[in-house]
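This report describes a protein chain together with its ligand. The sequence and the structure are shown first.

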Amino acid sequence: MPTRLYPHSASPRIESDSEFLTAFRDHEFDKDFPEHIYEQSACHWTPMDVCQMAAEWLVEKPGTRVLDIGCGPGKFCAIGANATLGYFTGVEQRSRLVKAARELLERHRITRAEIVHGNITTVAFDAFDAFYLFNPFEENILPMLRIDHEVEMESRLYDDYTLHVQTQLERKPLGTRVVTYYGSCAEVPECYECVKTAYDGTLKLWLKTRTEVNDDVQPAPCRFPHLI
Ligand SMILES: C[S@@+](CC[C@H](N)C(=O)[O-])C[C@H]1O[C@@H](n2cnc3c(N)ncnc32)[C@H](O)[C@@H]1O
């Protein structure tokens with residue numbers, strides 16, 4: 001049974017410790033994480049300026065509910081909630097990262113963000129309006145990207161998780177927004193169109209523009225060849 005996640009009931013207000021967003025550079029922000037998480041920042045956690053732009057692209061209006069698919073130590077959720085009037089939920093499978101993410105939100109008194117400990121396959125996407133992904137599943141197929149040994153890694157899991165996200169995103173209404181940072185973007189179904197990019201094309205905003213594949217249209221180049 002999928003976990004259902006509901007947004008917070010309080011009305012949106014920026015009320016947290018916003019200084020950290022404007023005053024700090026990435027390495028200063030990351031220094032507050034435990035050493036093992038700080039060391040992985042450059043490779044695995046989204047830089048602050050990218051978090052801010054991605055959040056602004058995703059939050060169309062106050063109260064937009066954003067899901068960070070594989071939130072790590074919560075950097076995107078914390079900065080996104082601070083920079084916009086959206087509600088941010090991060091789902092993360094590794095317990096040590098969940099702990100660090102919850103501590104981060106508490107330290108900066110961020111109330112419009114929450115962290116769920118679990119696998120993305122247990123999350124119902126109907127509780128969310130917009131979605132963020134930074135390479136969540138690639139470590140299953142690229143051993144050099146492996147974060148640690150806390151969870152199982154297998155190429156079959158890459159396929160399972162990617163297909164799960166594709167299927168969930170396909171069911172969302174027209175106009176649904178997804179932002180991807182790096183990655184193959186295989187999780188984004190063909191009914192979404194890339195409408196904006198930044199950071200040399202590594203940050204992409206996708207919009208759901210079609211409800212189903214039109215047979216008259218030439219198929220787009222396959223972004224996920226090993227599922228065929
Ligand atoms: C590259 S990190 C990105 C973290 C964060 N979104 C950011 O941008 O800073 C990807 C994260 O996804 C998590 N992850 C991978 N597969 C997952 C799954 N099936 N369910 C939940 N979390 C997952 C990993 O543990 C890792 O923390």
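## Basis of the model

This is a predicted model, in which local features need pLDDT of at least 70 and side-chain atom pairs count only at pLDDT 80 or more, while totals for chains, interfaces and linings use all residues. Residue numbers start from 1 along each chain as its sequence is written.

## Overall fold

The protein chain contains eight helices and seven strands; these are DSSP runs (helices H or I, at least four residues; strands E, at least two), numbered from the N terminus. Of its 228 residues, 40% are buried, a term that requires 20 or more other C-beta atoms within 10 Å of a residue's own, with C-beta atoms placed from the backbone.

Among contacts with a separation of 6 or more, 66% link residues 24 or more positions apart. Two residues are in contact if their C-beta atoms, placed from the backbone, lie within 7 Å.

## Ligand shell

The ligand is surrounded by 22 residues, of which W45, T46, G70, G72 and F134 are the closest. Two or more shell residues come from each of α6 (75–83) and β2 (87–92).

## Residue I69

I69 belongs to strand β1 (residues 65–69). I69 is classed as buried because 26 other C-beta atoms lie within 10 Å.

The C-alpha atoms of I69 and V91 are 5.8 Å apart, although 22 residues separate the two along the chain. Beyond its neighbours within four places in sequence, I69 is in contact with V91, I120, F131, Y132, L133, P136 and V165.

Terms used
A residue is buried if 20 or more other C-beta atoms lie within 10 Å of its own, exposed if 12 or fewer, and partly exposed in between; C-beta atoms are placed from the backbone. A residue is near a molecule or strand if its C-beta atom, placed from the backbone, lies within 6 Å of it.
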